[in-house]
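Have a look at the structure first.

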Amino acid sequence: MQNLNIFFENYARALENYDTKGLSYMYNIPCTMLSDDATTLFNDLGKLEGFFNQGTAYYRQFGIAQVRHELWTRRAQTDRIMTAKVNWKFYDKNHKPIYNCDYHYTLKLDKNNQWKIILSVSVNERERLEEWQMNLKMKAEVVR
């Protein structure tokens with residue numbers, strides 16, 4: 001059975017490398033992405049990869065170069081289903097923190113005993129991004 005910490009380390013590495021195909025393969029198809037603002041169901045690997053292409057373009061635009069995770073909790077629901085709470089930390093190329101956010105995941109072991117995400121819940125990423133962008137805007141105004 002794949003270690004859950006290693007799974008999220010690989011996920012972080014795929015984010016850092018803008019590896020949208022690698023990210024997509026870490027999800028079960030179908031899968032659901034859930035936030036306060038949206039519920040998105042993916043039944044097609046190509047559409048999921050397209051979704052990640054949009055996200056990685058955003059990461060590049062804002063200079064995200066390093067991604068780290070903290071696995072806060074994990075709980076077995078069954079022998080093959082696990083829930084996990086993860087805090088993601090995003091840094092620029094100089095290792096300066098950009099923002100962090102929390103996600104809750106439901107994962108299931110596939111036939112090869114590899115974890116696959118079936119549900120991804122964004123707890124506060126939109127709010128943290130907005131807060132970070134507001135701070136950037138305020139700093140820019142102070143410099144003027």
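Predicted model: local features only at pLDDT ≥ 70, side-chain atom pairs only at ≥ 80, totals over all residues.

Now for the glutamate. Glu49 belongs to helix H3, which covers residues 45-61. Once you set aside its neighbours within four places in sequence, Glu49 touches Thr20, Lys21 and Ser24. With Lys21 there's also a side-chain link: a polar contact of 3.3 Å between Glu49 and Lys21. Met82 is another story: 33 residues separate Glu49 and Met82 along the chain, and their C-alpha atoms are 23 Å apart.

On to the cysteines. How many disulfides does the structure hold? The count is zero. Cys31 isn't in one, and the nearest cysteine sulfur, on Cys101, lies 17 Å off. A disulfide needs its two sulfur atoms within 2.5 Å, so at 17 Å from the nearest cysteine sulfur, Cys31 is in no disulfide. Looking from the other end, Cys101 is in no disulfide either, with the sulfur of Cys31 as the nearest one.

Are these two cysteines buried or exposed? Here are the values for each:

| Cysteine | Relative accessible area | Class |
|---|---|---|
| Cys31 | 1% | buried |
| Cys101 | 0% | buried |

Notes
Residues numbered from 1 in each chain as written. Heavy atoms only, no water. Helix = DSSP H or I, 4+ residues; strand = E, 2+ residues; numbered from the N terminus. Contact = heavy atoms within 4.5 Å. Polar contact = N/O pair within 3.5 Å; in protein donor to acceptor, adjacent residues only side chain to side chain. Buried < 20%, exposed > 50% of the residue type's maximum accessible area, 1.4 Å probe, protein only.
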